[in-house]
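Visitor: I am new to this structure. Please show me how to read it.

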Amino acid sequence: METVERRRTASRWPGVLAGVVAAAVLFGTAQLAAAFFGPAAMPLAAVGSTFIDFTPPWLKDFAIATFGTADKLVLFIAMGVVAALLAGLAGLLARRRWSLGAGLVVVLSVVIGACVATRSGASALDLVPTVLGTAAGLAALRLLAGRAAAADSAPADGGPESSQAVGRRRFLASAALLAGAAAVVGAGGSVLSGVRNAARAVREALRLPAAASPAAPLPAGVQAPVPGVVDFVTPNPQFYRIDTALIVPEVDPAGWSLRVHGMVEEEFTLRFQDLLEAELTEAYVTLTCVSNVVGGDLAGNAKWLGYPLRQVLARAKPLPGADMVLSTSIDGFSASTPLDVLQDDRDALLAIGMNGEPLPLEHGFPVRMVVPGLYGYVSATKWVVDLEVTRFQDKAAYWTTRGWSARGPVKTASRIEVPRPLARVPAGRVALGGTAWAQHRGISRVQVQLDNGGWRDAELAAEASVDTWRQWFYVWEDARPGSHQARVRAWDGRGELQTAEQAPPVPDGASGWHTLTFTVE
Ligand SMILES: Nc1nc2c(c(=O)[nH]1)N[C@H]1C(S)=C(S)[C@@H](COP(=O)(O)O)O[C@H]1N2
Ligand SMILES: [Mo]
């Protein structure tokens, strides 16, 4: 009885291993093949992207709140775990009955294929890597399941030199060989994709033209004199990144174009060269994400170089009745921006430069939108390729169809950056500092409150423009030892106080006064 039990559990792992290795062969082969078809054809990326597109608002909100900008890494890991479990199951079934295991693989491949085929801009050809990968995976599964079965049915007498032990070693050797081959082929495919795609190299070599209308130099004193307050201009590598793109789109400027159409007198297409030759504007604009929680860090300030959207629309001449521009990216994301906001005198840009360099790939290379005063999800389309002049009642953007507000003006916000929550600071003089923003309205006043006492005016750092955030600081002269609470609130440039009412990010942005506790020692 005992030996029977042991044999049964012992013979389970070869099936699981066979399934997992077969899955590695499947994805490795598909990755290599995808190098010839483009990132849209990568099965895992397509599955992940489809999952993201079906993510309900509360789950997106939870993922960003919990994992922040690591949300994609977490998704990849979770997908890997699920894939390994399903692959192990397929291997177990294949060991029992080949048709069951193979059937599961085919069903899963059909699901993967459906994800690939329904991605924005996908063609039937993009299915080729999935089909090739499935064939290779099935062959690997067949081979390994056969070897495992041969080992199991061989006589076990004779210790390490028994036919069974020899069979096991053959099985393990094949599994190791196939796993190694899958890794090499998959890695090779990734490298090849990088080489075949010119975007990275073109970006490196690109020299941006000077702005016809440069940004006014930053006034002295935009940076609050408190160590630990964020940089007034966010360096590109530190700039927050939020998007639905699992794989960063790699768009070669030579092939890029922007179609302008819809309710306009004149439809036309812009090429990258047109932008390079146009009269460009440079402006500091602070970008914030609607998913940012009170006190959160999904905000950044950069110097953008771009072509005014006002000019694009002046050429297109919108028809009466139009009230919205639906901008769409190469990967299918879209944003609904009020037409009048893009036509007034603010620096709403088709940006090609960020802090003196071409847009980083993950920030929308070669062209994105930047619009002062609106959250990114309704205005800041990266990898933008299409502008349709339309009406809010006729079209809905990506996040609007997922429970978020169609319009997203930025709410006045302020946060405490120093001291950090739960920090321990020495008694005496304690400096508090942070940032406030109300893009396109500006910040006119900031107050802090200590231990629920009276509100006191903070010092405001210099203002660069109403479109950028503004720093503040306050020195608490006689901080006594103990636990303390600090709170901040701001007024926008129109004299309106930031609301105390607490709201979550869904559906149109978080609100409430940022509060934290720290300890004076
Ligand atoms: N193509 C594309 N553009 C996009 C998004 C996206 O998911 N896809 N997300 C938007 C959101 S929600 C925000 S907050 C900003 C963030 O821009 P950043 O990543 O450069 O900071 O990009 C916007 N543009
Ligand atoms: Mo966002």
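Guide: Start with the domains, whose bounds come from an automatic or database domain assignment. The protein chain has domain 1 (2-196), domain 2 (236-402) and domain 3 (413-520). This is a predicted model: local features need pLDDT of at least 70, and side-chain atom pairs count only at pLDDT 80 or more, while totals for chains, interfaces and linings use all residues. Residues are numbered from 1 along each chain as its sequence is written.

Visitor: How many residues of domain 1 and domain 2 form the contact?

Guide: Contact means heavy atoms within 4.5 Å. Domain 1 gives 18 residues and domain 2 gives 15 residues. The centres of domain 1 and domain 2, taken over C-alpha atoms, are 38 Å apart.

Visitor: At what angle do helices H2 and H7 pack?

Guide: Helices are DSSP runs of H or I with at least four residues, and strands are runs of E with at least two, numbered from the N terminus. Axes are lines fitted to C-alpha atoms, for helices over the stretch in contact, and angles run from 0 to 180 degrees between N-to-C directions. H2 (residues 13-34) and H7 (residues 128-153) pack at about 155°, their axes 7 Å apart. H2 is therefore roughly antiparallel to H7, a term for angles over 145 degrees.

Visitor: In what order do the strands of the open sheet lie?

Guide: Strands of a sheet pair through backbone hydrogen bonds, either parallel or antiparallel. Two strands pair if DSSP finds at least two bridges between them. The order of the five strands is E12-E19-E18-E14-E15, with mixed pairing. E12 (424-425) and E15 (455-457) are at the edges, each with a single partner strand, so one side of each has no neighbour in the sheet. E18 (residues 482-492) and E19 (residues 515-520) run antiparallel, joined by six bridges.

Key:
Chains are lettered from A and ligands numbered from 1 in the order in which they are written. Side-chain values use heavy atoms; hydrogens and water are left out. Angles under 35 degrees count as roughly parallel, over 145 as roughly antiparallel, 65 to 115 as roughly perpendicular and the rest as oblique.
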